[in-house]
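Visitor: I have the model open beside me. Could you take me through it, one question at a time?

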Amino acid sequence: MTPGALLLVLLSAGTHAYWNYLLKRAGGGHAFIALSKAAEALVFLPAFLALAWAAPPGALGGVAPFVAVGTGFVLASYVTLGAAYRAGDLSFIYPIARGGALLFLPLLGWLFLGERVGPVGWVAIAAILAGVAVMQLPALTRAGLRALGTHLRGPATLLALLMALVLAASTIWDKHAVRSVSLWGYFYGYTAAAGACYLAWVLRADGPARVRAEWRAHGRTALAVGVLNTVSYGLALLALRTGGSTYVVGLRQVSIAVGVWLGARWLGEEVSRPRRVGVALLLAGCVLMAWGR
């Protein structure tokens, strides 16, 4: 991974963890997510129009099919993410949803992009996944290990793993897209389309009054989440142009450590000894991802 891609991924990880913290603090409901996506599209509309005006003829050619698929992935990720946060803590859902993508990415990257993970990369993946697993232990004992299976059973884990699969698949698609069409056209296109679709669905399901009430209660936070989401994934898309998908997503797992700290610092979530050990393993894996192949 080049130094530039490394810096982009680290900045992306920090902003990603923070908007997830804001989402969890606001309750993570569908109305809030829809408002954040709509705000995201509106805030960045002037920048998109300026770029479209200055772009050479044909710069947006062929982008529509890529936007359609990207929109589907965004909607799927937000539906599963919102459901997962209603079922479990930030410090439980976030590590599984993010780190779990590494269960799927090496195979998907090899099948669809011809990417291969080197020996150090496999060690890094193992360390990150081990860290995610250790973080879920109730205690660093045999009884804790036996209890892990029971602890992981339930809808929260299934939803988090589903989110991980969506993340892995969407990462592969995003890398293919930014190699094929305009990055800013693709990114803004699926952002705006996903925001419009999600808001329309929520308005129909919950009603305008519920959406207005959510805006009065959490409007500023929804705006912040929308802006940070664009910044975070825009940086990741830039990194994907030069970095392997598994390596980019692997290094972005440093956001899990940030998410655990945010959950403890401002949400009152417990940081047990297993979580501290798990975070250490995860950070070690991220270091290997940054400097190993």
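This is a predicted model: local features need pLDDT of at least 70, side-chain atom pairs count only at pLDDT 80 or more; totals for chains, interfaces and linings use all residues.

Visitor: Which residues lie closest to the centre of the largest cavity?
Guide: A cavity is a set of points on a 1 Å grid over the protein atoms alone where a 1.4 Å probe fits but cannot get out, and lining residues have an atom within 4 Å of a point. The largest cavity holds about 340 Å³ of space, a volume being the space filled by probe spheres set on the points. Of its 27 lining residues, the closest to the centre are Ser77, Tyr78, Met163, Asn229 and Tyr233.

Visitor: Which helix gives the most to that lining?
Guide: Helices here are DSSP runs (H or I, at least four residues), numbered from the N terminus. Several of them supply at least two lining residues each, including α1 (3-25), α2 (30-43) and α9 (155-180). The most, seven residues, comes from α4.

Visitor: And which helix gives the most to the lining of the second largest cavity?
Guide: This cavity has a volume of about 40 Å³, and its lining includes Arg98, Tyr233, Val248 and Arg252. Two or more of the lining residues come from each of α9, α11 and α12 (245-251). With three residues, the most comes from α11.

Visitor: At roughly what angle do helices α3 and α10 cross?
Guide: Leu45, Phe48, Leu51 and Ala52 of α3 make the contact with Trp184, Gly185 and Tyr188 of α10, where contact means heavy atoms within 4.5 Å. These residues divide into six nonpolar, one polar and no charged. Axes are lines fitted to C-alpha atoms over the stretch in contact, with angles from 0 to 180 degrees between N-to-C directions. The two axes come within 11 Å and cross at roughly 145°.

Visitor: What is the radius of gyration of the protein?
Guide: The protein has 14 helices and zero strands, and its C-alpha trace spans about 60 × 45 × 30 Å along the principal axes. The globule rule is 2.2 Å times the number of residues to the power 0.38, with the radius taken over C-alpha atoms. For 293 residues a compact globule would come near 19 Å, which agrees with the protein's 19 Å.

Terms used:
Residues are numbered from 1 along each chain as its sequence is written. Side-chain values use heavy atoms; hydrogens and water are left out. Ala, Val, Leu, Ile, Met, Phe, Trp, Tyr, Cys and Pro count as nonpolar, Asp, Glu, Lys and Arg as charged, and the others, Gly among them, as polar. On a 1 Å grid over the protein atoms alone, a cavity is a set of points where a 1.4 Å probe fits but cannot get out, and a pocket is an open set with protein on both sides within 12 Å along at least five of seven lines; lining residues have an atom within 4 Å of a point.
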